[in-house]
Amino acid sequence: MVLPPLADELLSSWVSRQADFYGVGGGQLLRHCSLEAANLRELDLKLTSFDRRRLGHLFRYDPRAIRNMTQSRGRPQPVGLIATTRPMQTCTRCLTRHRAESATRGARLRSWMEGWRIGCPVCGAAMVDARPLDLLTRGDPNNALLVSVAEPARRGEQMMTRAIRLGRRGNQFVALMRNLLLPRATPVRVGSFRDEIPRLLDMVVPGFDRFLHRLYPAFRRPGTLLLPLNIRIPVLAGVARVATQPDHWADSLLGSVADVVRPPLAECLRDLSNRGFGIGARPPP
Ligand SMILES: [Zn+2]
């Protein structure tokens, strides 16, 4: 008896549900089946070809489909956009549906670990933050700025999804997410703006600096791009706006950053420009 995988399910989650079904631990199952992975999560992050074939044989499932359940789908991983240990966000609708059945309880979906998602690819519901710290600082989803950028943010998410599928060739979109959070070179240090770090994104999504400062006063420089949803949404909106018209934004953005970061930003914008209107995105009216 083999439980079928769920849509968007992580390989580790699927294997873990089989182990639960047979009343053994995940690690126990890996050892019993003589797999190379030291733990379940390794199956998602670095599946070996031996394990892929072995799981295909054991679970009578196409090894290519098994590879497509991993985090990288056999391509290079998007740097800084994959959570390695626990989900950053979840889809409440899918979670509730899975909880209702013992065979699907506890399932983890791949999109919950992906740092560019704002909507569930399975059912379309809005994702919600899952990390304890993000839950504490969760703002109002009806916030005026979040509402005003909802549409471009969705386009940005679609662009990122297509870019990630391209592997390294889509890297300039990941770079753009990072670059939009760069500080501007000439901060406005007057009055109540004193503690804010003016960022490039505020030029593309006006009001972002205030919003960020009010919601996350301690936010400085992101080490990774695993951003809470409230920051991710305006960042994705910025990605959509800049990637659709990189030449339009180039002068103002390049003129606003410190000398040291100008060359990589210029390269990112040039790559986007050469690609033409984002990846399959429509030009603005
Ligand atoms: Zn869902």
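Visitor: What percentage of the 285 residues of the protein count as buried?

Guide: Welcome! Keep in mind that this is a predicted model. In it, 38% of the 285 residues count as buried, and the chain forms 15 helices and 2 strands.

Visitor: What makes N230 a buried residue?

Guide: We count neighbours. N230, which is in helix α13, has 21 other C-beta atoms within 10 Å. The cut-off for buried is 20 or more, so N230 is buried.

Visitor: And why is S34 called exposed?

Guide: The count works the other way there. S34 sits in the loop between α2 and α3 and has 10 other C-beta atoms within 10 Å. Exposed means 12 or fewer, so S34 is exposed. R60, in the loop between α4 and α5, has 8 C-beta neighbours inside 10 Å and therefore counts as exposed.

Visitor: What is there to notice about phi in S34?

Guide: Phi of S34 is near 55°, a positive value in a residue other than glycine. Most residues other than glycine have a negative phi. R60 is also a non-glycine residue with a positive phi, near 50°.

Visitor: Why is α9 called roughly perpendicular to α13?

Guide: Look at the angle. Helix α9 (residues 150-165) and helix α13 (residues 229-244) pack at about 75°, with their axes 7 Å apart. Angles of 65 to 115 degrees count as roughly perpendicular, so α9 is roughly perpendicular to α13. Among the residues that meet there are P152, A153 and M159 in α9, and I233, L236 and V239 in α13. The residues of this contact divide into 10 nonpolar, 1 polar and 3 charged.

Visitor: How do you know that the buried residues of α12 line one face of the helix?

Guide: The buried residues of α12 (residues 208-215) are F208, D209, F211 and L212. Seen down the axis of α12, they fall within an arc of 165°, so they line one face. These residues pack against α8, α11 and α13.

How values were computed:
Residues numbered from 1 in each chain as written. Predicted model: local features only at pLDDT ≥ 70, side-chain atom pairs only at ≥ 80, totals over all residues. Axes fitted to C-alpha atoms, helices over the stretch in contact; angles between N-to-C directions. Helix = DSSP H or I, 4+ residues; strand = E, 2+ residues; numbered from the N terminus. Parallel < 35°, antiparallel > 145°, perpendicular 65-115°, else oblique. Contact = placed C-beta atoms within 7 Å. Nonpolar A, V, L, I, M, F, W, Y, C, P; charged D, E, K, R; others polar. Arc of directions from axis to C-beta.
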